[in-house]
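Grab a pencil and keep the viewer open.

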Amino acid sequence: MSIEGKILIVPMAAMAETAGPSSRCKQLVEGFISAGIDVATCRAEDVNYKNIDSVKNYFLDIPMPMGLPKPIATRTFPIAQKLGITSKKTVNSFDQVLQFTGNLDYKYLKKSVESIRRAIHEYKPDIVYSEFNISAIIAAKKEEIPLYTTVSYPTQHEYAHDSKLSKGLNKLLKELELPSVDSALRFCTSAF
């Protein structure tokens, strides 16, 4: 017996190597396929990207660290990683991780929301699963598609947050006629 429905999985993208979102995405895809659920992904082909056989992947933009222009970010970020500069950075909240990876940059948010909305229009999922991808949350809300997202303890607003870093996010939310938030983390846990 197979379960009917279509799920679009959208993990957070990053130029930095991180096993979390991409490995969980692969496990989710395999689990959904085993349950007979039609699944597609909308993943950036960043350093963490690994093709998943027989699963359609829709284009997702790669965020540039700190919202830097691509030519600068692609040259300086790998050097900063090799020198250990990125591992020495003290992080006090997950908002800072989102800012550092470029996931809170206004230009990136705008482009990635558009990319995910295109994937939704083409794939027509019954649900969007956001692996801590803010753009997926916004796109699902605008397309009126049910959304499922998970958060860990350190990514919760109540654990730690930095309200100063939500400026780009709130600019986009205002343009899309969605309510503003005092933190990206509040946004991710309440999703309106």
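Two strands pair if DSSP finds at least two bridges between them. Helices (H or I, at least four residues) and strands (E, at least two) are DSSP runs, numbered from the N terminus. This is a predicted model: local features need pLDDT of at least 70, side-chain atom pairs count only at pLDDT 80 or more, and totals for chains, interfaces and linings use all residues. Residues are numbered from 1 along each chain as its sequence is written, and side-chain values use heavy atoms, with hydrogens and water left out.

**Exercise 1. Work out the strand order of the open sheet.**

Step one: start with strand 2 (residues 38-44). Strand 1 (residues 6-11) pairs with strand 2 in the parallel sense over four bridges, and Ile 9 sits opposite Thr 41.

Step two: look at strand 3 (residues 57-60), which runs parallel to strand 2 and is joined to it by four bridges. Here Ala 44 faces Leu 60.

Step three: go to strand 4 (residues 127-131), which pairs in parallel with strand 5 over three bridges. Tyr 129 stands opposite Tyr 148 in strand 5.

The five strands have the order 3-2-1-4-5, with parallel pairing. Strand 3 and strand 5 (147-149) are the edges, each pairing on one side only.

**Exercise 2. Decide how enclosed strand 2 and helix 5 are.**

Step one: buried means under 20% relative accessible area, exposed over 50%, partly exposed in between (1.4 Å probe, protein chains only).

Step two: six of the seven residues of strand 2 are buried, so the rest of the structure largely encloses that strand.

Step three: helix 5 (residues 134-143) has eight of its 10 residues buried, so it is largely enclosed too. Among them are Ile 134, Ile 137 and Glu 143.

Step four: check what follows. Just after helix 5, Glu 144 takes a positive phi of about 55°.

**Exercise 3. Describe how helix 4 and helix 6 pack.**

Step one: axes are lines fitted to C-alpha atoms, for helices over the stretch in contact, and angles run from 0 to 180 degrees between N-to-C directions. For helix 4 (residues 106-123) and helix 6 (residues 167-175), the angle is about 45° and the axes are 8 Å apart.

Step two: angles under 35 degrees count as roughly parallel, over 145 as roughly antiparallel, 65 to 115 as roughly perpendicular and the rest as oblique. Helix 4 and helix 6 are therefore oblique to each other.

Step three: find the contacts (heavy atoms within 4.5 Å). Residues of helix 4 including Tyr 106 and Val 113 meet a helix 6 set that includes Leu 169 and Leu 172.
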